[in-house]
Amino acid sequence: MRRPNILFIMSDDHAAHAISAYKSRINKTPNIDRIANEGMIFDNCFCTNSICAPSRATIISGTHTHINGVTKLNIPFDGRQPTFPKILSEGGYTTAMIGKWHLGHGGNSDPTGFDYWNVLPGQGEYFDPVMIEMGEKKKLSGYVTDIITDLSINWLENRDKSKPFMLMCHHKAPHRPWIPDKAHEDMYENEDIPEPETFNDNYENRSSAAKEAWMRVDKDLNFYDVKQQEPTGLSDAQLKSWKYQRYIKDYLRCIASIDDNVGRILDYLEDNNLYEDTVVVYTSDQGFFLGDHGWFDKRLMYEESLRMPFVMRYPRMIKPGSRSDEIVLNLDFAQTFIDFAQLDADPVMQGRSFKKIAAGENVDDWRKSMYYRYYDFPSMHNVYPHYGIRTKKYKLICYYPAGESSEEGMKPLRDIEWELFDLEKDPQEMHSVYFDEHYKDVVDKLKKELAAIKYEAKDFD
Ligand code: CA
């Protein structure tokens, strides 16, 4: 069988519940939906450490963050380890990485395994960004999402056409500070975006982590986030709603531009006879809180942050309109791409190809649970380190003391705290049942399973 091309589109902080294929209540994404409707929607795609650089390191290497070394946001990735682009490149693919890299620069952290790379330094800028093209800095003019798409199409146009391609088109948007382009800046101007059901969460009935996190719409969004002086004379509740509207509209405007640009690149494939022979993926490096629980940002193992959007189109194998609720992970992407390329993964990789699931086959021994661990403390959003297990029905989380902070107001955790959520009865995770005696057997069983998957992940800490 011929080897497909791979177009791997990823954005930054785009939550699944801001995609209409995932039943968004707040926006429409017709072009991302096109990939979804012509292929498969993965309803239970999760990340193993919900923060930017760690998730990217896991995606590229197919290893947990304690193995690839990028446990925290500011640790650079060591590109000497095996990665899927290197395996594809060595296996006969022409490869490119365009857009947001966010795994460090210089030394061993520049992109490796690519015939061409052109990336934003660090977070990059929304307008007139500097980009590093194969090691050389250049300032470009325009809006970052359009530029990344232009460069991607330009590379496709001029690529080595004797080989199949693998292109990573990785967007900066819709990452904070959520600056939209001119074409979308007035979108939603005369309407209110609905607030999520858990907008006024009071953080009771859970561990102290929820209460102590610094990612609240009312307290932690700053002037650069809302980009306007706060109106006077509003009650606290009205001000919180005002900030939410300022935040969420800019976030959705950034996504509207991504969606347009996804459409442009799909059109390019279609116009150039590449549409049938290309595996197209749209995903994001993790989820995001869209006012859910009164928050923005991610990090916590709660659903909105843990879940990644993942839609995949490949008409030669994937049935249009299909959907899977199997638990797949960012840890699996590397091996899945390698499998589509009909190559062998490196033995250090810890995920599993879900190509058969995409093809609609039943995989009887597929995983029934996933392992999660977040490390980044002390850091700006004051989220306690935690690890946990999620099955289709339950989630068990353990927050543990680690790290001291000198920052004012930060209170490191003194003792271990646990949470258990019954996701069927409480999908919004408003009430931990960890201390409910009806769940005693569930807790015991999940603790054993958590220890087992932690060991299996080679996390011996
Ligand atoms: Ca991110």
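**Salt bridges and the domain interface**

D365 is exposed, with a relative accessible area of 55%, where exposed means over 50%, buried under 20% and partly exposed in between (1.4 Å probe, protein chains only). The model described here is predicted: local features need pLDDT of at least 70 and side-chain atom pairs count only at pLDDT 80 or more, while totals for chains, interfaces and linings use all residues. Residues are numbered from 1 along each chain as its sequence is written, and side-chain values use heavy atoms, with hydrogens and water left out.

The side chain of D365 meets that of R352 in a salt bridge (2.9 Å, N to O), a term that stands for a side-chain nitrogen of Lys or Arg within 4 Å of a carboxyl oxygen of Asp or Glu. R352 counts as partly exposed, at 30% relative accessibility. By this rule the structure holds 37 salt bridges. One of them joins R56 and D285, with 3.2 Å from N to O. R56 belongs to helix α2 (residues 52-61) and D285 to the loop between β9 and α10, so this pair ties together parts that are 229 residues apart in sequence; helices (H or I, at least four residues) and strands (E, at least two) are DSSP runs, numbered from the N terminus. Both partners count as buried, R56 at 4% relative accessibility and D285 at 0%.

An automatic or database assignment sets their bounds, giving domain 1 (5-180 + 245-368) and domain 2 (371-456). Their centres, taken over C-alpha atoms, are separated by 27 Å. In contact (heavy atoms within 4.5 Å) are 29 residues of domain 1 and 28 residues of domain 2. The area buried between the two domains is about 2300 Å², with 55% given by carbon and sulfur atoms; buried area is the accessible area (1.4 Å probe) that two parts lose on being put together, summed over both. R299, M301 and Y302 supply 33% of the area that domain 1 buries against domain 2, more than any other three residues. R299 also meets D297 in a salt bridge (2.7 Å, N to O), and both of these residues are buried.

Across the interface of domain 1 and domain 2 there are 4 salt bridges. Elsewhere in the list of charged pairs, D325 forms a salt bridge with K392, their closest N and O atoms being 3.4 Å apart. A network of salt bridges links E303, R307, R390, K395 and E429.
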